[in-house]
Amino acid sequence: MKDKEVKELMFHENFNTAFQPILCLKEEETIGFEILNRPKSTINFPTTEEFYSYIGKSNNVFKMEGFLRNLSLKRYAEQAKKAESPEEGLIFLNIQPQVLTDPAYRSGMTLDLLEKYGLSPDRVVLELTEKEAVTDYRSFEKIISNYRKQGFRIAIDDAGTGYNSLKTILSLKPEFIKIDKFLINDIHLQPAQQQLVGLLLEFATRSNTFMVAEGIENIEELLFLKKLGVHYGQGYALGRPAPMLKKGKVEDCKVLG
């Protein structure tokens, strides 16, 4: 029954696609968008979390990843054409690490999609989620190296939440480290979080890596992160996910001076 609903959702493209802006905190300018896909509610999948939890444990991971990647780029290209000014920012695509190592995965699939929609790989950041752990790092490093040669960049999501994410950072040397919202929530009031984010930022700076703070929800968090020197930010205080490409805006910019 659940597999049937998954097939129906895919066949009818019953997913809401949203674009959340990512801003340079220093310049207060949008540098790109993360693309988010949420399935429309069904009997067996009343919430997005339940849907993706099921997909992650099923045999549909590879097929769903390919479908969502195509849908993301297709809808991004559609919105870019409607934008008042040409959109040249970065495109952050979520991807499960195990998909890249799947024997059925054909090298060049993403390049084919980009060519189809008139997009360049140097604009694409493959955002590796930590829902599934990387186990064979040596093999995975070779795969990531191949993507980099094609022009893609790499981001590690949910950094700072576990041993595996830190090991992945050290092994893959990503261009972007996305700090989990757990560490950003009320950071201006939490010395322990401040110390950990500060250490990660120091590591990122020395490694020529950019840090993206996720889940920024208020001006106090934003002020602290900017003062700390965090490169980029994402969250409701900067721009909510929207069905169109809408550049972010720092709330109460005058306070930031």
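Contact here means that heavy atoms lie within 4.5 Å of each other. What you're looking at is a predicted model. The protein has 257 residues, and 47% of them count as buried. Its secondary structure comes to 11 helices and eight strands. Those eight strands form a closed barrel with mixed pairing, running E1-E2-E3-E4-E5-E6-E7-E8. Take the contacts between residues at least 6 apart in sequence, and you'll find that 69% of them join residues at least 24 apart.

**Strand E1 and its two partners**

- Strand E1 covers residues 15–24, and nine of its 10 residues are buried, so the rest of the structure largely encloses this strand.
- On one side of the pairing story is strand E2 (residues 29–39), which runs antiparallel to E1 and is joined to it by 10 bridges.
- E1 and E2 make a hairpin with four residues between the strands, and in that hairpin Glu28 takes a positive phi near 60°.
- E1 also runs antiparallel to E8, this time with two bridges joining them.
- If you want to find that pairing in the structure, look for Cys24, whose bridge partner in E8 is Tyr232.

**A stop at Asn16**

- Asn16 is found in strand E1, where it stands opposite Arg38 of E2.
- Is Asn16 buried, exposed or partly exposed? Its relative accessibility is 45%, so Asn16 counts as partly exposed.
- Which residues does Asn16 touch once its neighbours within four places in sequence are left aside? The contacts are Leu36, Asn37, Arg38, Lys40 and Arg75.
- Take Lys40 from that list: Asn16 and Lys40 are 24 residues apart in sequence, yet their C-alpha atoms are 6.8 Å apart in space.

**The parallel pairings**

- Strand E5 (residues 153–159) has five of its seven residues buried, so it too is largely enclosed by the rest of the structure.
- E5 pairs in the parallel sense with strand E4 (residues 124–128), over four bridges.
- Within that pairing, Leu128 has Ile156 of E5 as its bridge partner.
- E5 also pairs in the parallel sense with strand E6 (residues 176–179), over three bridges, and here Ala155 stands opposite Phe176 of E6.
- To spot the E8 pairing, check Ala213, which stands opposite Gly233 in E8.

**Two helices side by side**

- Helix H3 (residues 61–82) and helix H5 (residues 109–116) have axes that come within 10 Å and cross at roughly 25°.
- Angles under 35 degrees count as roughly parallel, and H3 and H5 are therefore roughly parallel to each other.
- The crossing of H3 past H5 is right-handed.
- H3 brings Arg69, Asn70 and Leu73 to the contact, while H5 brings Thr110, Leu113, Leu114 and Lys116.
- Sorted by class, that H3 and H5 contact has three nonpolar, two polar and two charged residues.

Technical notes. Residues are numbered from 1 along each chain as its sequence is written. This is a predicted model: local features need pLDDT of at least 70, side-chain atom pairs count only at pLDDT 80 or more; totals for chains, interfaces and linings use all residues. Side-chain values use heavy atoms; hydrogens and water are left out. Axes are lines fitted to C-alpha atoms, for helices over the stretch in contact, and angles run from 0 to 180 degrees between N-to-C directions. Angles under 35 degrees count as roughly parallel, over 145 as roughly antiparallel, 65 to 115 as roughly perpendicular and the rest as oblique. A crossing is left-handed if the near helix is turned anticlockwise from the far one by less than a right angle, and right-handed if clockwise. Ala, Val, Leu, Ile, Met, Phe, Trp, Tyr, Cys and Pro count as nonpolar, Asp, Glu, Lys and Arg as charged, and the others, Gly among them, as polar. Buried means under 20% relative accessible area, exposed over 50%, partly exposed in between (1.4 Å probe, protein chains only). Two strands pair if DSSP finds at least two bridges between them.
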